[in-house]
Structure formats: C-alpha cells, structure tokens
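I opened this notebook to record what I looked up in one structure, beginning with the whole chain and ending with single residues.

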Amino acid sequence: MSVNQLNAISPIDGRYRNKTEALGAYYSEEALIKYRVLVEIEYFIALCEIPLPQLADFDNSKFSDLQKIYTDFSSEDATAIKEIEKTTNHDVKAVEYFIKEKFDALGLEKYKEFIHFGLTSQDINNTAIPLSIKEAMNDVYVPLYFEVFKKLQELAAEWAGIPMLARTHGQPASPTRLGKEIDVFVERLKEQFNLLNDIPSAAKFGGATGNYNAHKVAYPDTDWKSFGKSFVQEKLGLHHSFPTTQIEHYDHMAALFDCLKRINTIYIDLNRDIWTYISMDYFKQKIKKGEVGSSAMPHKVNPIDFENSEGNLGIANAIFEHLSAKLPVSRLQRDLTDSTVLRNVGVPFAHTQVALQSTLKGLNKLVLNADKFEQDLEDNWAVVAEAIQTILRREGYPNPYEALKGLTRTNEKITQKSIADFIDTLEVSDGIKGELKQITPANYTGV
C-alpha cells in the first residue's frame, strides 16, 4: 500500500502534510542520508586539502564533481543507498559504499579508501543531524516564528489604546490596556529567542571513542584535533565538541530543545488567553463562507485555531522534553538509544510548525468587540477603589484602605454614582474630590 495523506499513521505525514512538507528536506530519511553524503564528501575534500600524502596528487578541480554528489542528490540516490543497506545492515556503511561507486564512475577509484577514513558512523551522524537541525531552524522555523512575532507586534500597536478590565484570579482587577497585554507576549518571546540564538549547534568528530585513534596511528605527525575543529567549525559551520566519547554529548542540543519548549509554552499561554477573551466576547472571529463551527449548532464559531495550536504544542513539548532528558545520557562510551530517539527529531518541529500556523491563522481572524470592552469597564467601577485609596494615602487620610474596603466588599453593585457619593463623604478638599472623580475604569490604566 502506498502511503498518502489518508492512510499515513502519523497526522504529521497525513492530515498535516501540507503544513509540514517543508521539513521533509531536513528531517526525512532521505534528508538524513543526503546530509550524511554531504559530510562524507566534505570530509574527503578536507583530507585532500591537508593534504595527506596519498591524496597529494588529487586533482582539486574534481572537488566540484564530488560536491555534485550531494548537491544533485535525488530520491533515486536515496533509494540506491537503502538497497545497499539491505546487504550491509548498516546505514552509514551503505552511504560509504554508495560514494565509492560514485568515485568509480568518476575514475577516482585510486582514492576511494579515503572515504570515511578513520571515522566511526557517529562522526557522520553527529555532524549530519546537527547540521540538518541548524538549517531547518534557519530556513523554516525562524521565518515562521517571526511571522507570528510580527503579527503580535502589529496587534500590540493597533490595540495600544484599548482600555480593558484586567482579571487576576479570574476576578475584576485594576484595568490595563489590550495592546500592553499582547506586548507582554512579544517581550517574552523576544527574550527566549535571544537565548535560543546563544545556543551552539554542536557536533562530535573524533573517531571511534573520540580520540582520533585511527587517524593518529596512521598519520602521527598530523594535528588531528586541530583538523577536526577546523573541519566542523569552518567547513560545516558547527561548534566542535571536544573531548567526547564515541558520540556527541548532546548538552547543547538538549538546551535547544528546552528553549524551544519554553517558547512553545509561551504560545500555549497566549492561545489560552486569546481563547478566554473570545469566550468573554472580547473578540469575534471572521466568518468564512461555507465553514461550520458545529455539526449540531449552526450559530457557533469556535476558536479551533487556538485549540489546535495548544494541542500540537503540547505534543511537541512532550517530545522535546524526552529528547532533552534522554539524549545527554549514554552508557559508558556509547549505546544506541540516542540513535533510536533522534529518528524522531523532526516530529516536535513538525507539531510546532502546525501549531504556529494555527496561532497565526487564529490571530488573523480576530475582530475586536469594542462595545464589550467598554461594557465590562462600566460594569466594574469597584476597580477604581485602588486608585482612590492610594491618593488618600498620599494625602495622609486615616485608614483609606479600610474605608474603601467597607464600600466595595459587599454584594451591592458599585456604580459611578455610588463612587461619587462616597467621595463626597470624604473629609478632603474639593480639589482632591475633583481629582478623585476624574478617575474612571477606562482611564485608570497605568503607564
């Protein structure tokens, strides 16, 4: 049975395929194979540039032909490598044999034993996977992050002057402004993104146990540590972890996943707040012709975009959390558990991708219900009590908090008139009374 969107087991490759397709170039099996080929080819070129004695006569003009092996890499090439793997039962060895066949075709068979020279498979995996994550972050995640971020900035500016009743513990509280509340999320996201930028994309490169044993025994006079650092950092653009065991220690990758999880948590918080504002009728949602909100209730326009985002972010965070907890732990110099879980590294990115698209879609559907904002403020004159008692404190009035507590902590509705009548009973100057009467729920919004 051929896999399609209707019979795929995971919604990432099924229902959400059109939303996550761009990630296939970085996290699919074919993509992983391509990145492995890239590392193997660039490593061979780096050996030629030392040069090792046996590679001193290599024609450097052939480098471009070698690089075409990965720049022109096709699905047919990936299939050919998987066919080789059926025999080798080893994925990285299959890549090596594939490249050797390419060397034969280019008339370079004399040099092919320097493909994968002195390496273990983890030198390839622990450079290929961090490279794919780094490029997926830059090419796919970051642009979408900024698309949502800029939308929030626009809404914060657009709604900067909208007074809004705040709710702490779900109860009416000192008024705020809608734009400021959106700006809280803008600032939180910005801070975490800055931290994200500081996390290195780290890679391991150093042979079977990280010590360049095979390299050193073959060419003892070459500075292999310096070579490895130069190759990883200058050729691949990654941070070279050293010393290591057979595998990358994954501490930096864990930090990346933890930071992405924190960013996702901020989005969850945003989704829930917007969902709540919709339920409070602060926002209406744009209606698209032909859509229905409920199979039974035709009046409904449900906040499904924010719910979809929240659900996908929860799944993404669960996997990010497992990856960041599991990957830095490996028995002695290496076990295979990291390889097993890294097969799923694209899954939390895909769920995050779906989530951010849903949040953005939901934000673009919001319609401000200004009347509801105004009505809620008018219905909650009790919130100016804080302002009144604070000014009375300033004036040295005796027990101002208790005086306002007596007025407001009742089951009687507090109105503009009851507040004004209370102010008239205060033993303060007419000027202070006038100042107090200027305060309304709509203008008591702080800085």
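I began with the secondary structure, and the protein comes to 19 helices and 6 strands, where helices (H or I, at least four residues) and strands (E, at least two) are DSSP runs numbered from the N terminus. The radius of gyration is 31 Å, well over the 22 Å that the globule rule gives for 447 residues, so the protein is more spread out than a compact globule; the radius is taken over C-alpha atoms, and the rule is 2.2 Å times the number of residues to the power 0.38.

I noted that this is a predicted model, in which local features need pLDDT of at least 70 and side-chain atom pairs count only at pLDDT 80 or more, while totals for chains, interfaces and linings use all residues. Residues are numbered from 1 along each chain as its sequence is written, and side-chain values use heavy atoms, with hydrogens and water left out.

**Whole chain.** I looked up the extent of the C-alpha trace, which spans about 100 × 55 × 40 Å along its principal axes. Of the 447 residues, 47% count as buried, meaning under 20% relative accessible area, with exposed meaning over 50% and partly exposed in between (1.4 Å probe, protein chains only). Among contacts (heavy atoms within 4.5 Å) between residues at least 6 apart in sequence, 77% join residues at least 24 apart.

For charge, I found 50 positive and 62 negative side chains, with the centres of the two sets 3 Å apart. Here Lys and Arg count as positive and Asp and Glu as negative, while His and the chain ends are not counted; the place of a charge is NZ of Lys, CZ of Arg, CG of Asp or CD of Glu.

I then turned to β1 (residues 163–168) and β2 (residues 171–177), which pair in the antiparallel sense over 5 bridges; two strands pair if DSSP finds at least two bridges between them. Pro 163 has Arg 177 in β2 as its bridge partner, and Met 164 has Thr 176. Between the strands there are 2 residues, and His 169 of this hairpin takes a positive phi near 60°. His 169 counts as exposed, at 80% relative accessibility.

**Backbone details.** I kept in mind that most residues other than glycine have a negative phi, and that most peptide bonds are trans. Tyr 212, in the loop between β3 (202–204) and α9 (213–218), also has a positive phi, near 55°, and Tyr 212 counts as buried at 3% relative accessibility.

I recorded a cis peptide bond joining Ile 50 and Pro 51, with omega about -15°; Pro 51 lies in the loop between α3 (29–49) and α4 (63–71). The bond from Phe 242 to Pro 243 is cis as well, with omega near 0°, and Pro 243 lies in the loop between β4 (239–241) and α11 (251–279).

Which residues does Pro 441 contact, leaving aside its neighbours within four places in sequence? I found Pro 175, Leu 377, Asn 380, Trp 381, Val 383 and Val 384. Pro 441 sits in the segment after α19 (430–437) and counts as buried at 3% relative accessibility. Its C-alpha atom is separated by 77 Å from that of Glu 101, 340 residues apart along the chain.

Last, I looked up Ser 358 in helix α14 (residues 346–364), which counts as buried at 7% relative accessibility. Leaving aside neighbours within four places in sequence, Ser 358 is in contact with Asp 305, Asn 308 and Ser 309.
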